[in-house]
Amino acid sequence: MARSLVLIAIVLVASGCATRASYQRLTADVAALRGDVNDLRQAQDATTRDVARAAAEARSLEARVGELVATQTTAAKEVSALRDRVETAETALREARAQTVAIAPPPAVAPSAPAPAPTMLPERPREPAPRTSPPRAAPREGAARWSAEWTYQAALAMFRSREYGQAVLDFTDFMAKYPTHPLAANARYWIGEAYYVQRDYRQAMAEFQKVLDVVPESRKVPDALLKIGLCYRNLRDESRARQTWDRVVKDYPKSEAAPKAGALMHGKAAAAR
């Protein structure tokens, strides 16, 4: 349009029909048109900047959405893992209950009543028959044994489900309630294992040592010694570790821990895991 006005002005000047006033008016119109064009260009530049900013914000939102999706996926995996652990613990508890029910003793049968004494000789008074009552110690003992077994298996289930803190508390409670039970040494051993898997090697060593000190005749002693040696190795005391394993090999050659200790002394650590 600006070019058309310029052409018109040129034509008018050339033909001699244009006056000075019309020429000035045309010049003003051209200047106004040029201003409008500049305004349009500025508006276009502002629009371009707005579009670029909006595109950047859109990309930022897409990245944020991606992060939220990743967080949701991670949370879903963690929930699934927790659900699996709960199911594992419940399964272990059910198995423990089944095992303890299987080992529960049958109910005691009350003894039959004594036969009545003969009445053929009334002149001799009969001595009163001793009073008997159904035995009660055996059922109570069986119930106590059942309860102890259940308590131990429940604590072991906690350990297997990696609830180590609760397992330590449960095993400690078991030893407090049943200090003379045959599984007391096992309970103390598993407390040491709970600390060992959490890499608290000094506390684990102390608990394994208690197996040796409190119940030296227990079958868990070789296993406890084997673990004490592993604690020494993890604490970078190789000399004491080898001395401990050598003790297992020499003092308990028929135990399952003996070949593992021998393998460890020869550098085959994987054999004892």
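Trainee: How many residues apart are R242 and E238 in helix α8?

Mentor: This is a predicted model. In helix α8 (residues 238-251), R242 and E238 are four residues apart, so about one helical turn separates them.

Trainee: Why would that spacing matter?

Mentor: An α-helix has 3.6 residues a turn, so residues three or four places apart point the same way. Side chains of opposite charge can pair when their charged atoms come close.

Trainee: What do R242 and E238 form, and how far apart are the closest N and O atoms?

Mentor: They form a salt bridge, with 3.4 Å between the closest N and O atoms. R242 is partly exposed at 35% relative accessibility, and E238 is partly exposed as well, at 30%. Salt bridges with shared partners link R233, E238 and R242 into one network.

Trainee: How many salt bridges does the structure hold?

Mentor: There are 11. One of them joins K177 to D173, with the closest N and O atoms 3.3 Å apart. K177 and D173 both sit in helix α4 (residues 164-177), four residues apart. D173 is partly exposed, at 34% relative accessible area.

Trainee: Which helix holds E67 and R64?

Mentor: Helix α2 (residues 20-103) holds both, and they are three residues apart, about one turn of the helix.

Trainee: Which residues of α8 are buried?

Mentor: A241, T244, W245 and V248. Seen down the axis of α8, the buried residues fall within an arc of 95°, so they line one face of the helix.

Trainee: And which exposed residues are on the face turned away from that side?

Mentor: Q243 and K250.

Trainee: What covers the buried residues of α8?

Mentor: The cover includes α7 (221-234) and α9 (257-265).

Trainee: What does V249 touch?

Mentor: V249 is also in helix α8. Leaving out residues up to four places away in sequence, V249 touches A258, A261, G262 and M265. V249 itself is partly exposed, with a relative accessible area of 29%.

Trainee: Changing topic: how many residues does the largest nonpolar core have?

Mentor: It has 23 residues, and those with the most contacts inside it are Y196, F208, L212, I228, C231 and W245. The elements giving two or more residues to this core are α5 (184-197), α6 (201-214), α7, α8 and α9.

Trainee: Which element gives the most to this core?

Mentor: That is α7, with eight residues.

Trainee: What does F208 touch?

Mentor: Not counting residues up to four places away in sequence, F208 touches Y189, G192, E193, Y196, A224, K227, I228 and C231.

Conventions. Residues are numbered from 1 along each chain as its sequence is written. This is a predicted model: local features need pLDDT of at least 70, side-chain atom pairs count only at pLDDT 80 or more; totals for chains, interfaces and linings use all residues. Side-chain values use heavy atoms; hydrogens and water are left out. A salt bridge is a side-chain nitrogen of Lys or Arg within 4 Å of a carboxyl oxygen of Asp or Glu. Buried means under 20% relative accessible area, exposed over 50%, partly exposed in between (1.4 Å probe, protein chains only). The arc is that of the directions from the helix axis to the C-beta atoms. Contact means heavy atoms within 4.5 Å. A nonpolar core is a set of buried Ala, Val, Leu, Ile, Met, Phe, Trp, Tyr and Cys residues joined through side-chain atoms within 4.5 Å.
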